[in-house]
2 protein chains.
Amino acid sequence: MRSLLIHVSKDSLSTALQAALKAISANSSSRVLSGIHIQAQAEGLTLTASNIRMTIEYKLPVKMDSMIVHKPGEIVVPACYFYEIIRKLDPGLIRLEIAETLILNIQSGYTQFRLCGMDTAEFPRIHYVDHPNTKKIRMKNTLLKQIFKHVVFAVSSLETRPVLTGVSLQIDNQNIRVVATDGIRLAQQVVENVEDYGVSPLNVIIPGSTLEDLLKIINDDEGSSTQIEIGQKQIRFISDGLRVQSALLEGTYPYVDNLIPQVYISEVIVKTERLLRVVERIAILAGESVTLGVYHSGILHLISRTADVGEAKEEIPLEYLEGEYFRVAFNGKYFRDILRAIDSDTLRIRFAGKERPLVIQPVDMTSSTLFLITPMRTQDGG
Amino acid sequence: MRSLLIHVSKDSLSTALQAALKAISANSSSRVLSGIHIQAQAEGLTLTASNIRMTIEYKLPVKMDSMIVHKPGEIVVPACYFYEIIRKLDPGLIRLEIAETLILNIQSGYTQFRLCGMDTAEFPRIHYVDHPNTKKIRMKNTLLKQIFKHVVFAVSSLETRPVLTGVSLQIDNQNIRVVATDGIRLAQQVVENVEDYGVSPLNVIIPGSTLEDLLKIINDDEGSSTQIEIGQKQIRFISDGLRVQSALLEGTYPYVDNLIPQVYISEVIVKTERLLRVVERIAILAGESVTLGVYHSGILHLISRTADVGEAKEEIPLEYLEGEYFRVAFNGKYFRDILRAIDSDTLRIRFAGKERPLVIQPVDMTSSTLFLITPMRTQDGG
């Protein structure tokens, strides 16, 4: 037992808690991992939450009006109760104190909570042992988000091939390449000539769930940057008070270059938002698949069908068409996810034959994002 | 098969559908009851949805720009698919047509849906056979909402005593009284000297679920009113284009007058919003109960506890105190629900002894709302 005593503002504590809570699994089997580690030291307050794969640490430095440490100390308390209590308190300063063994007192105005804690000894920590082979990169938060946000949705949700639940990150000289695929769809982002990171080439697989959480909690400020530390088995993201440490996925990521068709039979350009709206609409009846067809010059046809319920069809004028007419069927939800990941006003669809994936790319000078979707064999489209 | 053909605006159709859909049970065992009945007649479009207990009918009258009937006809289509489709269409006029047997064509701009329908023969209808004993009352919507909205939350969710899943409605001369209780809590609203409805005294039990749906779909306009038709086994609410018909609950509602304490040991007055905020907060740890106590003049204490997790306590200054100090424990969620149903700035709590329910009333000249909550026997409060 250590006798913690601090004052912290509700706003600061809520922000820190929201970030750290991303590491709490809803159905954690370990009691200590359903807890949040609270540690007050001379420099400030550190909150840590952890699951088997990832640990998130958030530091609130001492600050005159919002974070005052009177006595250092530490405890682990149930994360969900602690967060609910803090969220429902009135705004203002909160007093946290350990006055009895394994009990955290929370006080704000006339409100007093006593929350039963757990022993801190079992709680996992982030160990900052610098392995000599650890590679360190500093990247702007805006670039970090841009790189991962377009691809992370495409990871596999099945554990049958664990490497596919992650995003492949390759850095070589000044070029970054990220790839995610579940075997049916693929998303790739290449950023060239970023800056010289001064590290030897690296090639790792980061769990998709880690990246999804990271994208939610790192800030978007133009001036903020993140230090990325890549070891043999672990990756760490360090930005302002936040430290996210995650296991890397072991194994070899599949070679995907030969999946991307280099020769096309047809190419069309269409407005992104309009196509997305249509796909969201006809996906209501896309029980089996969505069929996309170009039969008449200048028009894209979309058809979907659910047996015994009905069918939907819609036409969209094309901005551009080159090559042969074609027809291909695929999973409507996957197609919709790809369209949602595209920022540019128009997109390009390239058809390389019924046996090859369809290539979808934003039409945008600066982007080198590429999506693949593998056709389904159906009566209509296959 | 009948050949329906209409044009209707997306907005009108969405509004009608949202109202009618309240009658669709999420897990209806009957295929036809998961459908919505669409009927076009010379006067307009009628949408009907039904479950075992309740039928909702919504009429859209013919209107130049938003509702045009070209050919009358009818069909039943799956409600959830139909609603999803209409919701996702672009704004503007929608064309509905039956061109093939049991297929509804839905068209809007370049969008076309074909939705498989069902036979209308099996679909339940509202039959407007006027029984001579049917009692008819016209009531302003504002009054109708005011009467039921404060009490409906207190019905029982258990089917063990079916009458308690309903709200008791008594009308006698110019007085209306509604009561809901689940045996632990009770809510009662009395409105006197409303107007002379010119009907013989009535005493029926309306299912709580019917009233919850009705409160959501009838409008709040100052000028709107609802015709209430009360038969032997059925009740109908008719307002603008909306008709809601529900079975009444059979049986005798318990006599509750002797539950309401007439003599009090103590009475306190406290600010409603502050008390609600405190109860919402300490309810986080109210696993077993909330204890409310007045020990020192001028202060209300609230304490809650969850074994092995922790406890919460808070004090609130009283606006008024008369009588002895007291302490009583009860279900925190029930107490919160009562506080949420109180509109007035302050409320009165009356204590009549540990074996009697606590009486909670808004402090408000015009209101005659009353809530009871039965104490729990606990170490702390019982």
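1. Basis. The model is predicted, so local features need pLDDT of at least 70 and side-chain atom pairs count only at pLDDT 80 or more, while totals for chains, interfaces and linings use all residues. Residues are numbered from 1 along each chain as its sequence is written, chains are lettered from A and ligands numbered from 1 in the order in which they are written, and side-chain values use heavy atoms, with hydrogens and water left out.

2. Secondary structure and extent. Chain A contains 26 strands and six helices; helices (H or I, at least four residues) and strands (E, at least two) are DSSP runs, numbered from the N terminus. Along the principal axes, its C-alpha atoms fill a box of roughly 75 × 50 × 35 Å.

3. Burial and contacts. Chain A has 382 residues, and 54% of them count as buried. Buried means under 20% relative accessible area, exposed over 50%, and partly exposed in between (1.4 Å probe, protein chains only). Of the chain A contacts between residues at least 6 apart in sequence, 67% join residues at least 24 apart; a contact means heavy atoms within 4.5 Å.

4. Carbon and sulfur atoms hold 48% of the accessible surface of chain A, which comes to about 17,400 Å² (Shrake-Rupley method, 1.4 Å probe).

5. Domains. An automatic or database assignment sets the domain bounds: in chain A, domain 1 is 5-116, domain 2 is 135-180 + 190-247, and domain 3 is 260-373. The C-alpha centres of domain 1 and domain 3 of chain A are 48 Å apart.

6. Record annotation. In an unreviewed entry, UniProt lists residues 140-254 of chain A as "domain: DNA polymerase III beta sliding clamp central"; such annotations may be inferred rather than shown by experiment. That stretch of chain A is 40% strand and 17% helix, with its end C-alpha atoms 28 Å apart.

7. Positive phi. Most residues other than glycine have a negative phi. Asn173(A) has a positive phi, near 55°, and sits in the loop between strand 11 (166-172) and strand 12 (175-181) of chain A. Asn173(A) is exposed, at 57% relative accessible area. In chain B, Asp240(B) lies in the loop between strand 16 (234-239) and strand 17 (242-247). Phi of Asp240(B) is positive, about 50°, and Asp240(B) counts as exposed at 59% relative accessibility.
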